[in-house]
Amino acid sequence: MSATVRSQEEIAARVKALEALMIEKGIMTTEAVDRLAEIYENEVGPQLGAGVVAKAWTDPEFKARLLADGTKACAELGIGGLQGEDMVVVENTDTVHNVITCTLCSCYPWPVLGLPPNWYKEPAYRSRIVREPRTVLREDFGLDIPDSVEIRVWDSSSEMRYWVLPQRPAGTEGLDEKALAELVTRDSMIGTGVVKAP
Amino acid sequence: MNGVHDLGGTDGLGPVVVPENEPVFRAEWEKAGFAFFPTLFRAGLFNVDMFRYGIEQMHPAVYLVSPYYEHWLHAAEHYATKAGVIDEAELEAKTQYYLEHPDEPLPETKDADLLAFVDAAVKHGAPARRESDAPAKFEVGDTVTVTQDSPHGHTRKARYIRGKTGVITHAHGTFIYPDSAGNGGADDPQHVYTVKFTNAELWGAEAAEPNGVVYFDVWEPYITPAKTEGAAA
C-alpha cells in the first residue's frame, strides 16, 4: 500500500504497462477494450431507462409489473444485463421522493443508466446523501424538496440495483412514448434531478 | 474492514462537484482501467466481492483523491500480483518504459472468444443470486438490529448502520455472501433483506433531517431480532 498520488501521465503509463502485460498473458486484447468502450459510450446509456419510464407512464399494467419486478419488466423491452441482474424500481409521488446511492463503492444500474457520472462515485456525494439528503439536493443539485415530502435514500449495499421512476410532468397528456422519453433525464432516475418540462 | 471507503455519514468532504457535461471516459487510459474488471474477472483472478475488497485496501489518502478508474487499476494489480500472473518489478519496469515512450503502441493480438465473452457478459450479466435450502429467519415487517461486529476483512455492513434498528421492507431471496466470497471463501449463499432506518435512528433526533429514511440491504448474518419492539417505528 503506497501513499503515492500520481499524475495523469503516471497513471496512464501504469495502466498501459498492466494492459501490455495482460495482453502478453492472453488475458486482454485492445479490441476487447475498444468494444467495451464502444458499448458504454454508444449503446448502453440513460436513453434505455428513459424508454422504460415513458412506457410506465403510458401503460399502467406495465408500470405495475415494473414496480413488482424491475428486472423482469425491463427484460420485456430487451433491457438488462451486467450490474442490473436484480433491479428494483422505486416510484416518486406527491408525498415521496427517492434517491439512490452506493456509500461503500459505486454500484449503479448500468443496463438502464449506463456508467455512473463521476460525482456519483466520488466521496462527497456518497458520504452526505445518506446523512443530509435534503440539504445536498437543495444546495448541490438545486432541487428543493419540501419537508412535507418524505425523502427515501436507497443505499445499494447488495447486488440489488435501485433506480427511480420519476413523476410524469403536467402538460404532457398529448405526448407519445418517444416524446415522453426525451423528457426523462439521467438525474431524474437517480433522484438528484427532475424530468424536463414539455 | 473499517476502511475509509465506508463513507456513509462522513462529514467534511465538501460539496458535490457536478460538471455540466462529462464524457463517459475522460482519458484513453480510463477505457483500459474499466476493461480490467471484466477481462481479469474472466481470467479468474477475482470475483466481484474480491474486486471491491482489492479497492478497499488502497491507501486511504489516495483512495479519496484519485480518479475513479485508478481504483480499478489498484484492484487489478493487487490480484494479478497475488496470483503470480505478474510481478511488481516487471510492472515497474514496463511503467517506466511507457513513461518514456507514451505513444508506443500496445502488442496487437486478437481473441474472438474474449469479444464474445464481453458481449455476453454485458447482455446477460453475472447474477449473484444463488439457490439455498436455508429457510429465511426473518420476514417483511420484522424489526431487526444490525450487529456491532467489525470484521477486518471484506464486508458490506457499513459502520453507519451497525447497532441500528430498522424494519424489513423487502425479502429478496438468497445471494452470494460478500463476507465469505470477498475474502476468497465460498459463495455461502445467505438471505438478503432491505431494512428501512429512520433518519433519527441513524443520526440522532437533533442532527437528523426531518421526514426521511434510508434503505440498506443486509445479509441475514448481519441482523438479529430487535430487543425493543417498535424502536424504529
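Colleague: Leaving aside its neighbours within four places in sequence, what is B:I161 in contact with?

Modeller: In this predicted model, B:I161 touches B:V146, B:F197, B:L202, B:F216 and B:V218, once neighbours within four places in sequence are set aside.

Colleague: And where is the place of B:I161 in chain B?

Modeller: B:I161 is in the loop between strand 1 (143–146) and strand 2 (165–175) of chain B.

Colleague: Buried or exposed, that B:I161?

Modeller: B:I161 counts as buried, because its relative accessibility is 0% and the cut-off for buried is under 20%.

Colleague: What separates the C-alpha atoms of B:I161 and B:S66?

Modeller: Those C-alpha atoms are 27 Å from each other, and B:I161 and B:S66 are 95 residues apart along the chain.

Colleague: OK, strands. How many residues of strand 3 of chain B are buried?

Modeller: Strand 3 of chain B covers residues 190–198, and seven of its nine residues are buried, so the strand is mostly covered.

Colleague: Which sense does strand 3 of chain B pair in with strand 2 of chain B?

Modeller: Antiparallel, over seven bridges. As an example from that strand, B:T194 is the bridge partner of B:H170.

Colleague: How many bridges join strand 3 of chain B to strand 4 of chain B?

Modeller: Seven bridges join them, and strand 3 and strand 4 (residues 212–219) of chain B run antiparallel. B:T198 stands opposite B:V213, which is in strand 4 of chain B.

Colleague: Switching to chain A. How many helices and strands?

Modeller: Chain A has eleven helices and four strands. Its C-alpha atoms fill a box of roughly 55 × 35 × 30 Å along the principal axes.

Colleague: What share of chain A is buried residues?

Modeller: Of the 198 residues in chain A, 63% are buried. The accessible surface of chain A is about 7,100 Å², and carbon and sulfur atoms hold 49% of that.

Colleague: How many positive and negative side chains in chain A?

Modeller: There are 21 positive and 31 negative side chains in chain A, with the centres of the two sets 3 Å apart.

Colleague: What does UniProt place at residues 10–192 of chain A?

Modeller: An unreviewed UniProt entry gives the feature "domain: Nitrile hydratase alpha/Thiocyanate hydrolase gamma" there. The span is 50% helix and 13% strand, and its end C-alpha atoms lie 34 Å apart.

Colleague: Last one. Where does A:A179 lie, and why does it count as partly exposed?

Modeller: A:A179 lies in helix 10 (residues 177–181) of chain A. From A:A179 to A:F62 is 18 Å, C-alpha to C-alpha, with the two 117 residues apart in sequence.

Methods: Residues numbered from 1 in each chain as written. Chains lettered and ligands numbered in written order. Predicted model: local features only at pLDDT ≥ 70, side-chain atom pairs only at ≥ 80, totals over all residues. Heavy atoms only, no water. Helix = DSSP H or I, 4+ residues; strand = E, 2+ residues; numbered from the N terminus. Buried < 20%, exposed > 50% of the residue type's maximum accessible area, 1.4 Å probe, protein only. Areas by Shrake-Rupley, 256 points an atom, 1.4 Å probe, with all protein chains shown as cover. Lys, Arg positive; Asp, Glu negative; His and termini not counted. Charge placed at Lys NZ, Arg CZ, Asp CG, Glu CD. UniProt positions renumbered as here; feature names shortened; annotations may be inferred. Contact = heavy atoms within 4.5 Å. Pairing = 2+ DSSP bridges.
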